[in-house]
Amino acid sequence: MQFLLIKKLYFYGGFRWGEGFAPNQLFYLDVSKSFTTFDISLMPWTDLSSISDVTCKNAAAACADGSTIYYIGGHHSGGLVSKFDTIFLQWSEPITSGSIPTSPYEKPGEEIKFVQCVNLGHKIHIYGGFSSHKMNILDTSVILVYIYIVTNV
């Protein structure tokens with residue numbers, strides 16, 4: 001997954017065929033600095049992989065709310081929602097409430113794989129899924145709350 005926030009292009013997670021999750025990979029490319037793509041080693045990369053408490057994910061969505069990037073759903077080794085504070089460089093797995101998305105085709109906690117999201121006024125709208133088409137909203141304004149909207153459109 002990748003996400004552009006405050007002139008930094010963040011890259012997180014991934015999957016290695018036959019090995020599973022890419023282990024704790026988090027880094028960014030500072031796009032405010034000039035660079036050439038002829039030599040990748042000279043590009044302004046910053047490796048943040050040593051930050052503790054990272055949850056490995058792939059097939060998830062990334063969405064920002066202020067200076068926080070939320071990683072939602074996908075195949076994961078931790079919680080359904082992870083968030084990364086780009087100011088304090090800290091990971092956390094917030095406790096959510098409400099109707100957490102479910103599917104009869106997926107394992108618990110992996111119901112929203114291959115989704116897309118957009119943030120509109122502290123409400124992250126999450127659409128899609130591997131085996132069904134659903135719209136859910138994650139309210140980040142006070143306490144993280146799922147609001148179930150549409151199923152099987």
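This is a predicted model: local features need pLDDT of at least 70, side-chain atom pairs count only at pLDDT 80 or more; totals for chains, interfaces and linings use all residues.
Residues are numbered from 1 along each chain as its sequence is written, and side-chain values use heavy atoms, with hydrogens and water left out.

- Buried means under 20% relative accessible area, exposed means over 50%, and partly exposed is in between (1.4 Å probe, protein chains only).
- Strands here are DSSP runs of E with at least two residues, numbered from the N terminus.
- Strand 2 (residues 8-12) runs antiparallel to strand 5, and 5 bridges join them. Two strands pair if DSSP finds at least two bridges between them.
- Look for Tyr10 and you'll find its bridge partner, Tyr28, in strand 5.
- Strand 5 also pairs with strand 6 (residues 45-47), again in the antiparallel sense, over 3 bridges. Here Leu29 has Trp45 in strand 6 as its bridge partner.

**Nonpolar cores**

- The largest nonpolar core has 13 residues, and Tyr10, Leu26, Leu48, Ile69, Tyr71, Phe84 and Trp91 have the most contacts inside it. Strands 2, 5, 8 and 9 (68-72) are the elements that give two or more residues to this core.
- Another core, of 12 residues, lies apart from it, with Tyr70, Ile72, Leu80 and Ile126 among its members.
- A nonpolar core is a set of buried Ala, Val, Leu, Ile, Met, Phe, Trp, Tyr and Cys residues joined through side-chain atoms within 4.5 Å.

**Asp65, a buried charge**

- Asp65 sits in strand 8 (residues 61-65).
- Asp65 is buried but has no salt bridge, and the nearest side chain of opposite charge, Lys83, is 8.6 Å away. A salt bridge needs a side-chain nitrogen of Lys or Arg within 4 Å of a carboxyl oxygen of Asp or Glu. For charge, Lys and Arg count as positive and Asp and Glu as negative, while His and the chain ends are not counted.
- The Asp65 side chain does make polar contacts with the side chains of Asn119 (3.4 Å) and His122 (2.9 Å). A polar contact is a pair of N or O atoms within 3.5 Å; within protein, one must be able to donate a hydrogen and the other to accept it, and residues adjacent in sequence count only if both atoms are side-chain atoms.
- Setting aside neighbours within four places in sequence, Asp65 is in contact (heavy atoms within 4.5 Å) with Tyr70, Asn119, His122 and Thr140.

**Strand 16 and Asp139**

- Strand 16 has 5 of its 6 residues buried, so it is largely enclosed by the rest of the structure.
- Strands 15 and 16 pair in the antiparallel sense over 6 bridges, and Ile124 stands opposite Leu138 in strand 16.
- Asp139 belongs to strand 16 (residues 134-139) and is buried, with a relative accessible area of 13%.

**Two loop residues with positive phi**

- His122 isn't a glycine, yet its phi is positive, at about 70°. His122 lies in the loop between strand 14 (115-120) and strand 15 (123-128), and is partly exposed at 41% relative accessibility.
- Leu89 also has a positive phi, near 55°. You'll find Leu89 in the loop between strand 11 (81-85) and strand 12 (90-92), partly exposed with a relative accessible area of 36%.

Methods: Helices (H or I, at least four residues) and strands (E, at least two) are DSSP runs, numbered from the N terminus.
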